[in-house]
Amino acid sequence: MRIVIAGGHGQIALRLERLLSARGDEVAGIIRKAEQGDDLRAAGAEPVLLDLESASVEEVAAHLRGADAAVFAAGAGPGSGTARKETVDKAAAVLFADAAVRAGVRRFVVVSSMGADPAHQGNEVFDVYLRAKGAADAYVTGQSALDWTILRPGALTDAPGTGLVRLEAHTGRGAVTRGDVAAVLAELVDTSATAGLTLELIGGSTPVSVAVKSVAGN
C-alpha cells in the first residue's frame with residue numbers, strides 16, 4: 001500500500017511510519033519544515049514538504065493521487081494557542097479530507113481525541129481544541145466519498161507500547177501509549193471493514209489485531 005500521513009513529524013506519525021515501512025508499505029509524511037525530513041527518512045518514510053495551513057486543495061491532492069490510504073495525524077500541539085487549533089486541528093483536517101476526495105483516495109483515517117465535540121463548552125485552549133477536533137470529525141464523517149474511520153485515543157503517554165488495548169465505540173476515560181495508538185492505526189489503515197466507525201482507544205487487555213478485528217464491520 002501507499003499511505004500518505006498528514007503531520008508526518010508528529011510523535012504518533014513517526015511511530016506509525018516505522019511500523020508501515022517495516023511491513024513493506026510505501027509511506028509519505030507531510031511536514032512543514034525541511035529539517036524534519038531526516039527523521040522521516042530514518043523512519044522509512046518519504047518526506048513531503050507542504051504547509052497545510054496555506055496549501056490549496058489541489059496542491060494537497062497532487063501528493064495524494066495514487067495513494068491507497070490517507071491518515072490525518074496533524075495537530076497544532078500543546079504549546080499552541082486557540083488560533084492554530086482552528087487552522088490546524090480543524091481547517092487542515094477539512095482540507096486534507098477535501099484533497100483526498102479530489103484525489104480519489106477513499107480510505108481515510110483520522111487521529112482525533114477523546115471528548116472531541118463541536119458543541120463542547122468552555123473557553124480554555126483545550127476546550128477550543130476539543131471543539132475544533134469535533135468539527136473536523138463531523139466534516140469528515142459527512143463525506144460519502146470517503147471510507148473514514150475516526151480514532152479517539154485517551155490521554156497519551158510515552159511509555160513503551162504494550163500491544164494490548166481497549167478499542168470500542170465508548171471506552172470511558174483512560175490512558176494509552178503513543179506506540180499503541182500507532183499500532184492500532186496501522187491495523188485500521190489495512191482494515192476497511194472499520195469504515196464508518198468512530199472508535200475510542202485506551203490501554204487494555206486485548207491484542208491490537210484482535211481488538212481491530214472485533215470492531216470491524218460493526
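Which residues does the UniProt annotation "domain: NAD(P)-binding" cover? In the unreviewed entry, that annotation spans residues 7-190. The model shown here is predicted. Over residues 7-190 the chain is 42% helix and 20% strand.

- Nine strands form an open sheet with mixed pairing.
- Their order is β3-β2-β1-β4-β5-β6-β10-β8-β11.
- The edge strands are β3 (46-49) and β11 (206-207), and each pairs on one side only.

**Strand β1**
- Strand β1 covers residues 2-6, and five of the five are buried, so this strand is largely enclosed by the rest of the structure.
- Buried here means under 20% relative accessible area.
- R2, V4 and A6 point one way from β1.
- I3 and I5 point the other way.

**From β1 to β2**
- β1 and strand β2 (residues 26-31) run parallel, joined by five bridges.
- Within this pairing, R2 stands opposite E26 of β2.
- Between the two strands the chain passes through helix α1 (residues 11-22), and this β-α-β crossover is right-handed.

**Other parallel neighbours**
- Strand β4 (residues 69-72) pairs with β1 in the parallel sense, over four bridges.
- There, V4 has A70 of β4 as its bridge partner.
- β2 also pairs with β3 in the parallel sense, over four bridges.
- In that pair, A28 has E46 of β3 as its bridge partner.

Terms used
Residues are numbered from 1 along each chain as its sequence is written. This is a predicted model: local features need pLDDT of at least 70, side-chain atom pairs count only at pLDDT 80 or more; totals for chains, interfaces and linings use all residues. Side-chain values use heavy atoms; hydrogens and water are left out. UniProt positions are given in the numbering used here, feature names are shortened, and annotations may be inferred rather than shown by experiment. Buried means under 20% relative accessible area, exposed over 50%, partly exposed in between (1.4 Å probe, protein chains only). Two strands pair if DSSP finds at least two bridges between them. A crossover is right-handed if, with the strands pointing away from the viewer, the path from the first strand over the helix to the second runs clockwise.
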